[in-house]
Amino acid sequence: MTTVTLGPAGTYSHRAAQAVTDDEVSFAESVTAIVEAVAEGEADRGVVPVENSIEGSVTESLDAFAEYDVAVVKEIITPIRHALLAQGDSFGLVASHAQALAQCRGWLDEHYPGVDVEAVASTARGVERAREDPSVAAIGHPENATNGTELRVLAEDIQDQSSNATRFVVVAPASERAEAGGKTSFIVYPDVDYPGLLLEMLEPFADRDINLTRVESRPSGERLGDYVFHIDIAAGLYEERTQDALADIEGIAEGGWVRRLGSYDSETVIN
Ligand SMILES: O=C(O)C(=O)C[C@]1(C(=O)O)C=C[C@@H](O)C=C1
């Protein structure tokens with residue numbers, strides 16, 4: 001099997017992928033490219049971040065799930081502990097993934113007020129920049145400083161909350177969608193707008209005592225104020241109550257669409 005994740009080597013996505021597979025891991029430049037590679041059969045599995053406890057949604061992942069037909073087959077939750085890495089103390093720019101920069105915003109303001117920041121494609125890309133250029137520091141996993149480079153760990157645990165954690169999912173081809181598992185993800189595009197629509201979409205779950213673990217709206221891209229809803233529930237597709245609730249949702253969204261991403265179990269990994 002081939003697993004693809006956000007590269008280059010050393011990203012948090014890479015670490016999450018290694019925690020759940022012995023497969024050879026290859027790298028892509030964006031989460032959209034990862035989801036696309038799985039949807040088009042170029043990779044068997046993809047590992048992408050979807051949500052962080054400080055900074056919230058990785059919206060690019062949600063939008064890719066709405067665009068490409070894939071299954072979600074596992075959830076991985078992992079603590080994220082950032083380090084500041086550089087060749088020395090005299091740097092004038094901090095390069096990292098936008099999520100990582102945001103997760104350390106308070107710490108940077110306190111310790112390096114006014115320092116320039118640059119968002120790059122991943123934390124490991126920032127590490128590459130810091131390896132090449134002594135005027136650049138990176139935010140990433142501290143182990144990036146141990147791989148035979150000149151980089152030093154200038155500070156550890158610089159995330160603004162010690163509880164910082166990111167939720168990743170493993171995506172697979174749509175044909176591998178499962179009904180078994182403690183959680184289910186699906187996407188609803190109702191393509192209608194009337195007072196009480198959201199309430200109507202939530203009632204089928206409340207009525208059946210199904211806990212919603214997440215509801216997120218994303219712009220459909222069609223017109224302003226038109227949304228796609230990403231919904232996660234703590235129940236499996238194999239359960240009759242889930243099938244019944246989804247049948248109700250399909251009735252509400254009959255002019256639009258409902259995509260089941262599948263059911264899966266969650267694993268917490270520390271690495
Ligand atoms: O840049 C990385 O190392 C990633 O794996 C991406 C990512 C993200 O998009 O949230 C993953 C975990 C951390 O929250 C920071 C960055």
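Which handedness does the crossing of H7 and H8 have? The crossing of these two helices is right-handed, where a crossing is called left-handed if the near helix is turned anticlockwise from the far one by less than a right angle, and right-handed if clockwise.

## Basis of the model

This is a predicted model, in which local features need pLDDT of at least 70 and side-chain atom pairs count only at pLDDT 80 or more, while totals for chains, interfaces and linings use all residues. Residues are numbered from 1 along each chain as its sequence is written.

## Packing of H7 and H8

Helix H7 (residues 197-206) packs with helix H8 (residues 240-252) at an angle of about 165 degrees, and their axes are 8 Å apart. Helices (H or I, at least four residues) and strands (E, at least two) are DSSP runs, numbered from the N terminus; axes are lines fitted to C-alpha atoms, for helices over the stretch in contact, and angles run from 0 to 180 degrees between N-to-C directions. H7 and H8 are therefore roughly antiparallel to each other, on a scale where angles under 35 degrees count as roughly parallel, over 145 as roughly antiparallel, 65 to 115 as roughly perpendicular and the rest as oblique.

On the H7 side the contact is made by Glu200, Met201, Pro204 and Phe205, and on the H8 side by Ala245, Asp248, Ile249 and Ile252, two residues being in contact if their C-beta atoms, placed from the backbone, lie within 7 Å. By class, the residues of this contact of H7 with H8 are six nonpolar, no polar and two charged (Ala, Val, Leu, Ile, Met, Phe, Trp, Tyr, Cys and Pro count as nonpolar, Asp, Glu, Lys and Arg as charged, and the others, Gly among them, as polar).

## Packing of H2 and H3

Helix H2 (residues 31-39) and helix H3 (residues 59-67) have axes 9 Å apart and pack at an angle of about 25 degrees, which makes H2 roughly parallel to H3. H2 passes H3 in a right-handed crossing, with Val31, Thr32 and Val35 of H2 and Glu60, Ser61, Ala64 and Phe65 of H3 making the contact. This contact of H2 with H3 has four nonpolar, two polar and one charged residues.

## Domains and ligand shell

The protein chain is divided into domain 1 (2-80 + 164-176), domain 2 (83-156) and domain 3 (183-264), with bounds that come from an automatic or database domain assignment. The C-alpha centres of domain 1 and domain 3 lie 22 Å apart, and 11 residues of domain 1 are in contact with 10 residues of domain 3. H3 and strand E5 (70-79) are the elements that give two or more residues to the side of domain 1 that touches domain 3.

Domain 1 and domain 2 both give residues to the shell around the ligand, so the ligand lies between them. Of the 15 residues around the ligand, Thr11, Ser13, Gln99, Ser122 and Thr123 come nearest, a residue being near if its C-beta atom, placed from the backbone, lies within 6 Å of the molecule or strand concerned. The shell divides into seven nonpolar, eight polar and no charged residues.

## Backbone details

A cis peptide bond, with omega about 0 degrees, joins glycine 7 and proline 8, and proline 8 lies in the loop between strand E1 (2-6) and H1. Aspartate 157, in the loop between strand E10 (152-156) and strand E11 (165-173), has a phi near 55 degrees, a positive value in a residue other than glycine.
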